[in-house]
Amino acid sequence: MSQFDDIAEAVIDGDEERVEELTQNLVDEGEEPSEIIKEGLVAGMDVVGDRFKAEEMFVPQVLIAAEAMAKGMDIVKPLLADDDTSSEGLVLMATVEDDLHDIGKNLASMLLEGSGFNVIDLGTDIPPEEFVEGVKEHEPDIVGMSSLLTTTMPNMESTIEALEEAGIRDEVKIMVGGAPVSQEFADEIGADAYAPDGSTASDLAKEIID
Ligand code: B1M
């Protein structure tokens, strides 16, 4: 088993200390930060995502694994500035108004960071006007919206309308995600992309800003 596989396994096990130790070892050996992220940390989290979908892992384990992955990311992130993955673009990410779910958003944000994007996370329960302010202030390439409740999905549309009213809709690409969201819904509200999971989010993010 490679050292990357060891990191992936430690992420799956949610073993923070081992993730930190193994990640640090690879950094000390001069391994590329982007490779550590892709082949170790994200590879582990991909397995966690698959097992969650297959109901072989449950929310508490997903959270523990995500925290373990974050420990590894903390070590490699500062090194990304010297690495060629540092300039994919800026994503402004948030969960929409009235919705407090953030596990999926955080996961998608980490995977975006892992593939070289800078992410500004506004948090949860973010009203349209805060998205507008965020876009004006940070000038992101992409606005990412997450919603986990059928009752908050319409707030994605209100956010797009607010960006239109502010005259800045066309300055950004809009990506939406979250369990009840679909491609059909994304099309209906005029989003540029729908990501069913975090890995797709990073692939799509690259596509839509190209
Ligand atoms: Co809530 N909750 N919850 N909840 N919760 C759901 C979503 C629900 C389906 C449970 C159920 O009834 N079966 C249901 C919604 C029903 C509906 O709308 N039809 C529900 C409800 C009703 C509620 C409350 C109203 C319950 C109550 O108080 N009566 C309440 C609402 C609070 C609020 O938001 N205002 C509530 C509260 C909570 C907790 C606070 C207890 C907790 C959230 C903790 C937190 O997030 N910090 C919670 C949880 C944990 C869940 C479940 C169990 C798990 C959600 C989750 O984190 N999944 C959920 C049931 C379920 O899904 N099994 C449920 C794991 C996560 C990795 O997946 O978020 O889908 P997900 O993210 C995926 C993709 O969707 C995608 O990437 C991720 C994977 O890679 N993705 C993106 C997500 N966002 C993205 C953004 C992107 C790209 C991809 O870019 C923009």
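UniProt, in an unreviewed entry, places a "domain: B12-binding" feature at residues 88–210; its positions follow the numbering used here, feature names are shortened, and annotations may be inferred rather than shown by experiment. Over residues 88–210 the chain is 44% helix and 25% strand, with the end C-alpha atoms 10 Å apart. Helices (H or I, at least four residues) and strands (E, at least two) are DSSP runs, numbered from the N terminus.

The model is predicted: local features need pLDDT of at least 70, side-chain atom pairs count only at pLDDT 80 or more, and totals for chains, interfaces and linings use all residues. Residues are numbered from 1 along each chain as its sequence is written, and side-chain values use heavy atoms, with hydrogens and water left out.

**Cobalt site**

His-101 lies in the loop between β1 (89–96) and α5 (103–114). Through NE2, His-101 is the only protein donor of the cobalt atom of the ligand, at 2.2 Å. Donors are N, O and S atoms within 2.8 Å of the metal (3.2 Å for Na, K and Ca); water is not among the atoms, so sites may look incomplete.

**Helix packing**

Axes are lines fitted to C-alpha atoms, for helices over the stretch in contact, and angles run from 0 to 180 degrees between N-to-C directions.

| Helix pair | Axis distance | Angle |
|---|---|---|
| α2 (residues 16–28) and α4 (residues 59–76) | within 8 Å | roughly 25 degrees |
| α3 (residues 33–53) and α4 | 10 Å | about 175 degrees |
| α6 (residues 128–138) and α7 (residues 154–165) | within 8 Å | roughly 45 degrees |

Angles under 35 degrees count as roughly parallel, over 145 as roughly antiparallel, 65 to 115 as roughly perpendicular and the rest as oblique. Accordingly, α2 is roughly parallel to α4, α3 is roughly antiparallel to α4, and α6 is oblique to α7.

The α2 and α4 crossing is right-handed, as is that of α6 past α7. A crossing is left-handed if the near helix is turned anticlockwise from the far one by less than a right angle, and right-handed if clockwise.

Contact means heavy atoms within 4.5 Å. Between α3 and α4, the residues that meet include Ile-36, Leu-41, Met-45 and Phe-52 in α3 and Val-62, Ala-66, Met-69 and Met-73 in α4. By class, this contact of α3 with α4 has 15 nonpolar, one polar and no charged residues. Ala, Val, Leu, Ile, Met, Phe, Trp, Tyr, Cys and Pro count as nonpolar, Asp, Glu, Lys and Arg as charged, and the others, Gly among them, as polar.

The α2 and α4 contact involves, among others, Glu-16, Val-19 and Glu-20 of α2 and Glu-67, Ala-68 and Lys-71 of α4. Its composition is five nonpolar, three polar and four charged residues. Ile-75 belongs to α4; leaving aside neighbours within four places in sequence, Ile-75 contacts Glu-20, Thr-23, Gln-24 and Val-27.

Pro-128, Phe-131, Val-132 and Val-135 of α6 make the contact with Ser-158, Thr-159, Ala-162 and Leu-163 of α7. Here there are six nonpolar, two polar and no charged residues.
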